[in-house]
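Hello,

Here is the structure for you to open. My notes follow below it.

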Amino acid sequence: MGKKRQYNGLDLVKAWLAVLVASRHMIQIFYPAESKWRLVIGAWLSNLAVPVFFITAGFFLFCKVDRQRPGESREAVLKYCKRIVKLYLLWSVIYLPIDYINWVNGGRQDGAAAVLNYLQSFFFCSTTVQLWYLPALVAAVILVWAVYQRGAKVWQILVVGAFLFAVGCISDNWYFNQRLPMGLQKLLGLYFRYFMTVRNGVFYGFFFVALGLWFAKSKREIPLFCSLAGTVAFVMLMLYEVIRCSNTNMVFSSAPAAFCLFAAASSVRWKDRPLYIRLRAASEWVYLSHVYFFHLYAMTARWNPLPATKKGITVSVMIPMLAFAWGMACLSEKNGFRWLKKMI
C-alpha cells in the first residue's frame with residue numbers, strides 16, 4: 001500500500017486563514033470604525049477562510065465516499081457528522097462562561113426568553129461567533145451526500161449549490177436585499193426571524209462542500225500557475241465587490257477565489273515534515289479557541305503594560321493565542337495527551 005499523500009500546502013493555507021478569522025473577530029471588537037483593517041481583513045481577506053474550510057472538508061470526506069457502496073458511504077458520512085456534532089457540543093459547553101458574560105453585559109432577559117434565545121442560536125446560528133461553521137458543515141455534508149447518493153451528477157449538485165449560494169449572498173446583504181420586491185423582503189424578514197442567518201449549511205456550506213466533492217471525484221489538478229493567477233484575480237475582484245456592494249459576510253467572488261486557492265494549495269507537493277501536521281492542528285485550535293483570548297485581554301487590560309492601541313491589542317491577543325494553539329498541537333503529540341486531539 002502506497003504512503004498516504006499529505007497536503008502540506010493546504011495545511012499552511014488553513015493556518016493562515018484561521019489566523020485571518022481570529023484577526024477579523026478581534027478587529028470587529030477592538031478596532032475603531034475608521035480603521036482600514038476593518039476593510040482589508042474584516043471584510044475582504046477573511047472571507048476566503050470559511051469557503052476554503054468547507055471545500056477542504058468536502059474534499060477529504062468524499063475521497064472516502066463511493067456511492068457504489070452505499071453502506072460504507074453512509075457509515076463514513078455518519079461517522080464524520082457524529083464527530084463534528086460532538087465537537088460542536090464540546091465547544092458550546094466550553095464557551096458557556098462566555099455566553100453567560102455576554103448575557104449579563106448585554107442586558108439580562110428573563111429566564112424563559114434567555115433560554116429560548118440560546119436554543120434558537122444554538123440550533124440555527126451558534127451562540128459563539130465562530131462555532132456556526134460546525135453545524136453548517138454537518139448540514140451541508142448530509143445534504144450533498146444525500147443528493148449525490150441518489151445518483152445526481154456532480155455538475156447538477158454544483159448548479160443547485162451555486163443557486164443557493166447566490167440566494168444567500170443576496171439575502172445577507174442590504175445592498176442587494178433592499179432592491180428586492182417588497183413581498184420578498186417581507187419573506188426574508190420572516191425567515192430571519194426564525195432561522196436568524198443564511199450563513200448555514202444550506203445557503204453557504206452546500207455549494208462549497210459540493211466543490212470539495214468535485215475535487216474529490218474529478219481527480220483533476222489545475223496547473224499551479226493558472227490556479228495562482230486565478231486566486232490573485234478573484235481576490236482582487238473580492239475587494240471591488242466588498243467596496244462597491246458592502247458585502248462583508250457572504251461575498252459572491254469568494255467562490256471562484258476559494259476554488260482557485262484550494263486548487264493551488266492542494267497541488268503543492270512539499271516534502272512531508274512534522275511541521276505541517278502541527279500547523280494543521282494549531283490552525284484548528286486557533287479557530288475554535290480564539291474568542292477566549294479576546295475576553296482574557298479585556299479582563300487583564302488594566303494590568304497590561306502595552307498601550308491599548310491597535311498594535312498593543314493585537315500583540316496582547318494574538319501572541320498568547322498563537323502560543324496556546326502551538327503548545328496544544330505539540331502537547332497532543334505526546335502519549336499522555338493524545339486525548340487533546342479529540343478537542344479539534
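Start with α4 and helix α6 (residues 111-124): their axes come within 12 Å and cross at roughly 145°. Axes here are lines fitted to C-alpha atoms, for helices over the stretch in contact, and angles run from 0 to 180 degrees between N-to-C directions. The crossing is right-handed. The term means that the near helix is turned clockwise from the far one by less than a right angle; anticlockwise is left-handed. On the α4 side, Tyr88, Leu89 and Ser92 make the contact, and α6 brings Tyr118, Ser121 and Phe122. Contact means heavy atoms within 4.5 Å. By class, these residues are four nonpolar, two polar and no charged. Nonpolar covers Ala, Val, Leu, Ile, Met, Phe, Trp, Tyr, Cys and Pro; charged covers Asp, Glu, Lys and Arg; the others, Gly among them, are polar.

A word on what you have. This is a predicted model, where local features need pLDDT of at least 70 and side-chain atom pairs count only at pLDDT 80 or more, while totals for chains, interfaces and linings use all residues. Residues are numbered from 1 along each chain as its sequence is written, and side-chain values use heavy atoms, with hydrogens and water left out.

The fold next. The protein chain has 15 helices and zero strands. These are DSSP runs (helices H or I, at least four residues; strands E, at least two), numbered from the N terminus. The radius of gyration is 20 Å, which agrees with the value near 20 Å for a compact globule of 344 residues. That radius is taken over C-alpha atoms, and the globule rule is 2.2 Å times the number of residues to the power 0.38.

Leu10, Lys14, Leu17, Ala18 and Val21 of α1 meet Ala49, Val52, Phe53, Thr56 and Phe60 of α3. That contact has eight nonpolar, one polar and one charged residues.

Now the largest pocket. Its volume is about 1,600 Å³. A pocket is an open set of points on a 1 Å grid over the protein atoms alone, where a 1.4 Å probe fits, with protein on both sides within 12 Å along at least five of seven lines; lining residues have an atom within 4 Å of a point. Volume is the space filled by probe spheres set on the points, which are joined across faces, edges and corners. Of its 46 lining residues, Lys14, Thr56, Phe60, Arg280 and Glu284 are closest to the centre. α14 gives the most to the lining, with eight residues.

Best wishes
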